[in-house]
Amino acid sequence: MGDSGSQKKRRILEEPFSSILPEWYLASLDTLSDALILVSHGRVVHVNASFCEFISQASPAGSTDRSLPFLFNKALEDFFWEKADECLRVSKQVTFCSKMLFSSSSIGWRQVNITMNILTGDVVCCNVGDLEPLWAKRLHSWTSSTVVCNLLEVDAESQELHYVWRSDRGTELYREFEYQIDAPTFAAGHYPTASEMGCSAEDRARLCKETLDARDAKSACRSDSVIMTPSGPKSFQSVLLYMGLMPNGRHRVFRTCEHVTDQRAAEADRLQLRESLDRLKVLQTFFDNAPFAMGLLKAEEADLVVIFGNETATLLANCETPADLHGLRASATSMASVVPVLLDGCRRARQQPDTLVRCEDAEVVINGCKVTQSICISFLGDDLFAFIGQDVTESRRTKAEIRQQNENLENTVRARTKELQEAMQVKSRFLAIMSHEIRTPLNGITSTVSMLLDTINLNPEHREMLDIAKVCSEQLMHV
């Protein structure tokens, strides 16, 4: 049967490491340029020559516990072993950033990148790379960048942010925005918090959420935000790159912020201009295709000069295209007859600015036919006048016909009313005459019948006949 996990662990801890990997294999690791550490179950089992040179310290082969106190403090060492266990558990490569203590007092703590892979069995090979030259190169480029570069550590629980480093551009903007804060440096022992940097609780919560979103998305996240500063609201465009979970439990992120307040204002102006141009195009289409004449006139002495006009306006001046209207004097066109009307309208429009003045209807000859034009004029300033002319010939004719029809209908109604009144008078006279002529004989008939009914010796048949005659006569009296 194979060894159990605990037996295998005990065998690795108790037996020399050379019994698991041969000496020639360990010697071959010393020839590699990569700085390597081999670890297994909470102890360092081998380091190669490149790693010893890397940290400027002798090989810890003589160390009895083969742990990492000479490289890390307690918190960082625990974090290191946690990552090693994770590598064994998931059987995948694990990469993270950390700090490592170098023996030289002139160097001290340095940023390193550690990549862990399972070498064989329960042995993990750790490839250690120095990040300081890379950081130095990046910091140099970030420092001189025209955008604000920040290296932050975010505490997700407290939603507090710690500034590890900030570029010179950030300092310049903070001064422009009237913040009285000095820029933190990358090597500072105390990382100022976002609260100390003047960030509001809302901004801190938003940045914390963006950090977690970038962690979950595993890619750079872009966002737009408006930050309230002492000098007013400022617009920023940010890109946030998640860099990993640090041993202190904070999430480290690299964030670039570009101040885009002026760009946003310019974009808003361009959008407004584009909307204005779109509206202008709509107005231009309406102007060109309007069924009535529209144009611009300029008053000069006792005449009017056409600045421009639409397609319909060319009919008034007997021109072929709107371009032919430019510079024409109204008195030299078919509009000469209406120049006095136009000048009077311009005079009244000048007296009533911002008002559309209606002129008298004027007749113009177009293609040999007389047409009636209804003209309105508005004063624009600097002797410029906008005019609108509408052909109202047909509408005027239609209105005249309707007016005549209404008059004819009224005359007919009056005649019919008169005839009806006369007929009613004739009827009244007839009824008055007939009433007098009929009542007199009826009174005699009624009286005679009453006298006969008073006779005693009438037989029943005769009495019944007289009663009928009496009733009928009385009914006729009440008609």
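1. The second largest cavity of this predicted model holds about 40 Å³ of space. A search of the whole structure finds three cavities of 30 Å³ or more. The residues lining the second largest cavity are Val39, Ser40, His41, Gly42, Trp81, Ala84, Asp85, Leu88, Asp122 and Val124. Helix α4 (residues 74-90) supplies the largest share of that lining, with four residues. As to how such space is found, rolling a probe the size of a water molecule over the atoms shows where empty space is left.

2. Which residues of α7 are buried? Asp203, Arg204, Leu207, Cys208, Glu210, Thr211 and Ala214 are buried in this helix. They lie on the same side of α7, because the arc they cover around the axis is only 160°. The exposed residues Glu202, Lys209 and Asp216 are carried by the face turned away from that buried side.

3. What covers the buried residues of α7? The cover includes the strands β6 (148-155), β7 (160-166), β8 (221-229), β9 (232-245) and β10 (251-259).

4. Among these strands, β8 and β9 pair in the antiparallel sense, over nine bridges. In this pairing, aspartate 224 stands opposite glutamine 237 of β9. The two strands, β8 and β9, form a hairpin that has two residues between them.

5. Strand β9 is also joined to β10 by nine bridges, and these two strands run antiparallel. Phenylalanine 236 stands opposite histidine 259, a residue of β10. Here the hairpin has five residues between its strands, β9 and β10, and glycine 249 in the turn has a positive phi of about 85°. A general point applies when inspecting side chains along these strands: in a regular strand the side chains alternate between the two faces of the sheet.

6. A separate remark concerns glutamate 53, which is found in helix α3 (residues 49-55). Is this residue buried or exposed? Glutamate 53 counts as exposed because its relative accessibility is 65%, and the cut-off for that class is over 50%. Its C-alpha atom is separated by 8.4 Å from that of alanine 35, a residue 18 positions away along the chain.

Methods:
Residues numbered from 1 in each chain as written. Predicted model: local features only at pLDDT ≥ 70, side-chain atom pairs only at ≥ 80, totals over all residues. Heavy atoms only, no water. Buried < 20%, exposed > 50% of the residue type's maximum accessible area, 1.4 Å probe, protein only. Arc of directions from axis to C-beta. Contact = heavy atoms within 4.5 Å. Pairing = 2+ DSSP bridges. 1 Å grid on protein atoms, 1.4 Å probe; cavity = no way out; pocket = protein on both sides within 12 Å on 5 of 7 lines; lining within 4 Å. Points joined across faces, edges and corners; volume = space filled by probe spheres on them.
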